[in-house]
Amino acid sequence: QVQLVESGGGSVQAGGSLRLSCAASGRTGYAMGWFRQAPGKEREFVAAMRWSDGSTYYADSVKGRFTISRDNAKNTVTVYLQMGSLKPEDTAAYYCAADLSPGRYSGGYYMRPSSYDYWGQGTQVTVSS
């Protein structure tokens with residue numbers, strides 16, 4: 001069982017920054033990812049990190065603006081998504097997800113929502129122009 005709790009969402013003006021946090025407890029899995037979903041749109045990949053070697057993956061739309069990182073503490077792993085140079089099109093509910101499948105996969109694997117086993121409840125990010 002994995003529990004994921006996101007925080008850090010809010011409203012910001014274009015060009016601003018926010019840092020999202022995802023506290024993971026229980027089994028923390030082998031990779032974690034961030035996805036987002038805007039109203040009327042499908043959930044889309046944002047960023048992911050593989051624990052075994054620290055490899056990171058980003059959607060083209062956020063490369064150079066967002067950074068995924070992690071902090072390990074006893075019994076808890078916190079994954080961060082530092083978001084900068086925010087744009088109105090970044091407005092969405094942001095979700096973190098945990099992948100419990102061992103092994104290393106290609107980057108494309110971590111970009112698919114179906115690769116993840118547990119999801120958080122989401123945190124809203126609103127960017128105004």
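## Arginine 50 and its surroundings

Arginine 50 is in contact (heavy atoms within 4.5 Å) with Tyr30, Ala31, Ser55, Tyr57, Arg104, Tyr105 and Tyr110, leaving aside its neighbours within four places in sequence. This is a predicted model, in which local features need pLDDT of at least 70 and side-chain atom pairs count only at pLDDT 80 or more, while totals for chains, interfaces and linings use all residues. Residues are numbered from 1 along each chain as its sequence is written, and side-chain values use heavy atoms, with hydrogens and water left out.

Arginine 50 belongs to strand 5, residues 44-50 (strands are DSSP runs of E, at least two residues, numbered from the N terminus). With a relative accessible area of 8%, arginine 50 is buried (buried means under 20%, exposed over 50%, partly exposed in between, with a 1.4 Å probe and protein chains only). Its side chain makes a polar contact of 2.9 Å with the side chain of aspartate 53, and another of 3.3 Å with the side chain of tyrosine 57 (N or O atoms within 3.5 Å, one able to donate a hydrogen and the other to accept it; residues adjacent in sequence count only if both atoms are side-chain atoms). Glycine 33 is 17 residues from arginine 50 in sequence, and their C-alpha atoms are 8.7 Å apart in space.

## Aromatic pairs and charges over rings

The structure holds eight aromatic pairs (ring centres of Phe, Tyr or the six-membered ring of Trp within 6.5 Å; planes under 30 degrees apart are stacked, over 60 edge-to-face, the rest tilted). Tyrosine 105 and tyrosine 110, both in contact with arginine 50, form an edge-to-face pair, because their ring centres are 6.4 Å apart and their planes stand at 70°.

The charged end of arginine 43 sits over the ring of tryptophan 119, 4.7 Å from its centre (CZ of Arg or NZ of Lys within 6 Å of the ring centre and within 35 degrees of the ring normal). The charged end of arginine 43 also sits over the ring of tyrosine 95, 3.9 Å from the centre of that ring.

## The disulfide

The count comes to one disulfide (cysteine sulfur atoms within 2.5 Å). Cysteine 22 is joined to cysteine 96, with an S to S distance of 2.0 Å. The two cysteines are 74 residues apart and link distant parts of the chain: cysteine 22 lies in strand 3 (residues 18-26) and cysteine 96 in strand 9 (residues 92-99).

The torsion about the S-S bond is about 55°, so the disulfide is right-handed. Cysteine 22 is buried at 0% relative accessibility, and cysteine 96 is buried at 1%.

## The nonpolar core

The largest nonpolar core has 40 residues, and those with the most contacts inside it are Trp34, Leu81, Met83 and Tyr94 (a core is a set of buried Ala, Val, Leu, Ile, Met, Phe, Trp, Tyr and Cys residues joined through side-chain atoms within 4.5 Å).

Threonine 123 is found in strand 11, residues 123-128, and counts as buried at 11% relative accessibility. Its side chain reaches the backbone nitrogen of glycine 9 at 3.2 Å. Beyond four places in sequence, the contacts of threonine 123 include Glu6, Ser7, Gly8, Leu20 and Tyr94.

Threonine 91 lies in the loop between strand 8 (76-83) and strand 9, and is partly exposed with a relative accessible area of 21%. The side chain of threonine 91 reaches the backbone nitrogen of valine 127 at 2.8 Å and the backbone oxygen of proline 88 at 2.9 Å. Not counting residues up to four places away in sequence, threonine 91 touches Ala38, Gln124, Val125, Thr126 and Val127. Of these, alanine 38 is 53 residues from threonine 91 in sequence, yet their C-alpha atoms are 6.7 Å apart in space.

How values were computed
Helices (H or I, at least four residues) and strands (E, at least two) are DSSP runs, numbered from the N terminus.
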